[in-house]
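My entries are below the display.

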Amino acid sequence: MSKLFAAFGEIELPCPIGTLIGGWIPPERPMRMKLDPLQANVAILKNDDATLVLISLDLLMIDIEDADEMRHQVAQVAGTTYEHVLISTTHTHCAPAATEQYDAPKNHPFVAQLKQLLVTCAEQTYAKLEPAVLGSGFTYETDITWNRRYLLRDGSAWAHPQLDKMEVLYAEGPIDPQVGVLCVRDMDGNAVGYVVNFACHPLFYGGQCIATANFPGVLRRELKKLENPNCVTVFLQGAAGDISHSNPFDRTRTTMESVGTRLAQRSYEVALAAQYSDEVTLKGVAADVQLPKRVLTDEQIARAKRVLAGEDVVIEPFWHPVSSMDKKVFAAKLVELREDCDKEPLLRAPLQALQIGNTAWASVPAELFVKLGMQVKLGRKVDQTYISAYTNGMVGYVCTPEAYEHGGYEATPCGGSRVDPGAGAVIVDGLLNLLAKL
């Protein structure tokens, strides 16, 4: 084991007034106000064994092909390999559309500029490498997140239910309360940067003509206040496919500021208590898995086409497109998914596992449901094992088998939910196989 060198960097992403903001349902949302900077944040950790690069982007998601290209480009300037580069999105719903989305077409000029900015930021960050020490730890935060899916009396599931109109029985799943923290300090004890992991949808200001990094941006700002103005934070979103900061029984309980500030305070406490070392194990492995796409029946497609023709047809009783999206948008995506599956029944998903000191990081390009993330943590049987979802691309929601049975927004077979109910097991097995190799 050799001595650690580290550096962190940040760069602002372009989002001028008028940019179409993705992450919601139509109509289109041209940006009218920016609450705070959208950023790319970079961490580079290097010793004689490996160089790892961790990047977080204030975006909803990115395409797998774009992530592949960016990982190769960053690897080249950082003197490392594709397998050792992780590119995650914070999943803010208030950022330019880097993929095709319901409410905005893919912003190709933005994506091209993003690739150039990442290379520049990686080069500048690599040039700042200096001897460093690293500490890690975790804590629990149980008062700022809730499972957003609730079972109703009829056996269906609904995201963010309206309690005055629905008979809610119970939450479908748990939350992941673990806050994972890495802190890197220079040899004088100054904080160079943090890596923070937590599972929660950043939905504040969603649906508005506002750009914001959401609570991860508040987290970064507050850690600068607690540590120093040069401290950079890489936020890696957890398995948050069914996790939200919104409590349906008390919708006034949290704000963007309160969630981000609370995470910063808790992360700072972990960093203060951590033991630091300049001898840190760095490893990384990666492999692709093939996920089966949703198989749709001729009857389902026929009903979808009747909706597109203007008929008031229920496509499936437990799919609730009208709860979160226009019914015709849902029907069109359903037909599109069938055509896509007929052309290619499998979807490539790049998986990755990194070891940083006593911590393990399992990354997946999906909106992974929290129970599936917990299966990876349980299978690994190491306290400091974390899930980095929304990473190295996106295949859409990956739900638990029971969630597909209960239906609801996340399980609705359309643009956001393209994979078969068996995809979760493929991902969990794939991640556990990679973690076993570390």
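These are my notes, topic by topic.

**Ground rules.** I am working on a predicted model, where local features need pLDDT of at least 70, side-chain atom pairs count only at pLDDT 80 or more, and totals for chains, interfaces and linings use all residues. Residues are numbered from 1 along each chain as its sequence is written, and side-chain values use heavy atoms, with hydrogens and water left out.

**Aromatic pairs.** I searched the whole structure and found 5 aromatic pairs. Rings of Phe, Tyr and Trp (its six-membered ring) pair if their centres lie within 6.5 Å; planes under 30 degrees apart are stacked, over 60 edge-to-face, the rest tilted. Phe215 and Phe235 are edge-to-face, with 5.8 Å between centres and 80 degrees between planes. This pair links distant parts of the chain, with Phe215 in helix 3 (residues 215–226) and Phe235 in strand 16 (residues 232–237), 20 residues apart. Helices (H or I, at least four residues) and strands (E, at least two) are DSSP runs, numbered from the N terminus. Phe215 is buried at a relative accessible area of 0%, and Phe235 is buried at 0%. Buried means under 20% relative accessible area, exposed over 50%, partly exposed in between (1.4 Å probe, protein chains only).

I then checked Trp361 and Tyr386: their ring centres are 4.9 Å apart and their planes at 50 degrees, so the pair is tilted. Trp361 is in strand 21 (residues 359–363) and Tyr386 in strand 23 (residues 385–388), 25 residues apart. Trp361 and Tyr386 are buried.

**Cores.** I looked up the largest nonpolar core, which has 42 residues; Leu291, Val364, Leu368, Val395 and Val398 touch the most other members. Such a core is a set of buried Ala, Val, Leu, Ile, Met, Phe, Trp, Tyr and Cys residues joined through side-chain atoms within 4.5 Å. Helix 10 gives the largest share of this core, 6 residues. A second, separate core has 32 residues, including Met31 and Val85.

I traced an open sheet of 4 strands in the order 19-20-21-23, with mixed pairing. Two strands pair if DSSP finds at least two bridges between them. Strand 19 and strand 23 are the edges, each with a single partner strand, so one side of each has no neighbour in the sheet. Strand 19 and strand 20 run antiparallel and are joined by 11 bridges. Leu291 has Leu347 in strand 20 as its bridge partner.
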